[in-house]
Amino acid sequence: MNAQPLIEARRLSKHFDVGRGAPTGKKKVVKAVDGVDFAIRRGTTLALVGESGCGKTTTARLLLRLETPTAGSVYLDGADIHDLPRGERAEFRRRVQAVFQDPWASLNPRMRVRDLVAEPLVANNRLSRSAVTDRVAEVLTGVGLTPDHMRNFPHEFSGGQRQRIAIASALISQPRVLILDEPVSALDVSIRSQIMNLLKDIQQRLSVTYLLVAHDLGTTRYMADRTAVMYLGRIVEIGDTDTVFEGPAHPYTQALFSAALPARPATESREIVLDGEVPSPLNPPSGCPFHTRCPVKIGRRCEEETPKLQPVPGPGGTHLAACHLMDDMEGQRG
């Protein structure tokens, strides 16, 4: 497998101005994404996980050029996607597509399946009507539907079938990257595994690269090659999925994973209950963003100094975590 990243985010940030606060009149800013770095190799999947509001979806929108970064950059094949000449933007839209959480909301109920699926192709290519129809039939077959479904409307399908239609629409222009924003969370449990298997099969057949936004850890572990855990707009832990799941190092990751059902029912696990609520992104804590809820914080350093991602050896290999406890571990190993 090619080790060269297809996508890279470097110090990526997105801050939203939300007016001025009383009584000082000081400008208020939400740091939705705050200095994020990651890379995704061709044909692999990186998952972003974390609680609601941690910055996962904003990161995905930055990769789709639906938001403009406050700072930092996103590179696709070495080119900054937010600095593309006007003539290259249509090609970017062809190469990077998205599948969203709710297939019913993402499909126009007044359009037949043929026109829904063909829409990105018609917008970005000049093909004859017969060539478009042939391509639609090909991608529908590739997602487990039939060419006969072209004549139907979205309301005539089940939820799982509608998500297959949404996937077909994303694939029609032969993209290199799919942004998967909670692609199975709106589906019945009995259907989720079918769609996950379909996405994995598509990746193997077409070498498509995925960014998976998910809160379900079972979906993450099944689909992702690498996993990044986000908290208050920052990545606090990142590494190969099996390594992160087998040996989570950051206290937030440990708490997040402990709240999920174990992969093996016979496995004994103790849920870590965190005190307090997630701090407001309007007024994030100084130092480590997790220190206000952390059960193992080590004093003023956690409150004043922001930890950096650093290597953490574990049972499955080395990955990265942003926690001052890692310094203590490094000192003990030294």
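The model is predicted: local features need pLDDT of at least 70, side-chain atom pairs count only at pLDDT 80 or more, and totals for chains, interfaces and linings use all residues. Residues are numbered from 1 along each chain as its sequence is written, and side-chain values use heavy atoms, with hydrogens and water left out.

In soluble globular proteins, nonpolar side chains tend to be buried together. The largest nonpolar core here holds 55 residues. Such a core is a set of buried Ala, Val, Leu, Ile, Met, Phe, Trp, Tyr and Cys residues joined through side-chain atoms within 4.5 Å. Buried means under 20% relative accessible area, exposed means over 50%, and partly exposed lies in between (1.4 Å probe, protein chains only). Val117 and Ile167 have the most contacts inside this core. Helix α6, residues 159–171, gives the most to it, with 6 residues. Helices (H or I, at least four residues) and strands (E, at least two) are DSSP runs, numbered from the N terminus. A second, separate core has 30 residues, including Ala9, Ile40, Phe92 and Met230.

Val117 was then examined in turn. Contact means heavy atoms within 4.5 Å. With neighbours within four places in sequence left aside, Val117 is in contact with Val136, Val139, Leu140, Ile165, Ala168, Ser169 and Ile172.

Aromatic rings came next. A pair of aromatic rings is described by the distance of the centres and the angle of the planes. Rings of Phe, Tyr and Trp (its six-membered ring) pair if their centres lie within 6.5 Å; planes under 30 degrees apart count as stacked, over 60 as edge-to-face and the rest as tilted. The structure holds 4 aromatic pairs. One of them is the tilted pair of Tyr231 and Tyr252, 4.7 Å centre to centre with 55° between the planes. Tyr231 lies in strand β9 (residues 226–231) and Tyr252 in helix α10 (residues 251–258), so the pair ties together parts 21 residues apart in sequence. Both residues of this pair, Tyr231 and Tyr252, are buried. Tyr231 also forms an edge-to-face pair with Phe290, at 5.2 Å centre to centre and 85° between the planes. This pair links distant parts of the chain, 59 residues apart: Tyr231 is in strand β9, and Phe290 is in the loop between α10 and α11 (300–304). Phe290 is buried too, as is Tyr231. Tyr231, Tyr252 and Phe290 form one aromatic cluster.

Charged side chains also meet rings. A charge sits over a ring if NZ of Lys or CZ of Arg is within 6 Å of the ring centre and within 35 degrees of the ring normal. Arg10 lies over the face of Tyr75, at 4.2 Å from the ring centre. Lys200 lies over the face of Tyr222, at 5.1 Å.

A search of the whole structure finds 0 disulfides (pairs of cysteine sulfur atoms within 2.5 Å). For Cys294, the nearest cysteine sulfur is that of Cys323, 6.2 Å away. Cys294 counts as buried because its relative accessibility is 16%. Cys323 is buried as well, with a relative accessible area of 8%.

Gln163 is found in helix α6. At 0% relative accessibility, Gln163 counts as buried. Not counting residues up to four places away in sequence, Gln163 touches Val99, Phe100, Gln101, Pro103, Pro183, Leu187 and Ile195. The C-alpha atoms of Gln163 and Ile195 are separated by 7.9 Å, though these residues are 32 apart along the chain. A polar atom of the Gln163 side chain lies 2.6 Å from the backbone oxygen of Pro183.

Terms used:
A polar contact is a pair of N or O atoms within 3.5 Å; within protein, one must be able to donate a hydrogen and the other to accept it, and residues adjacent in sequence count only if both atoms are side-chain atoms.
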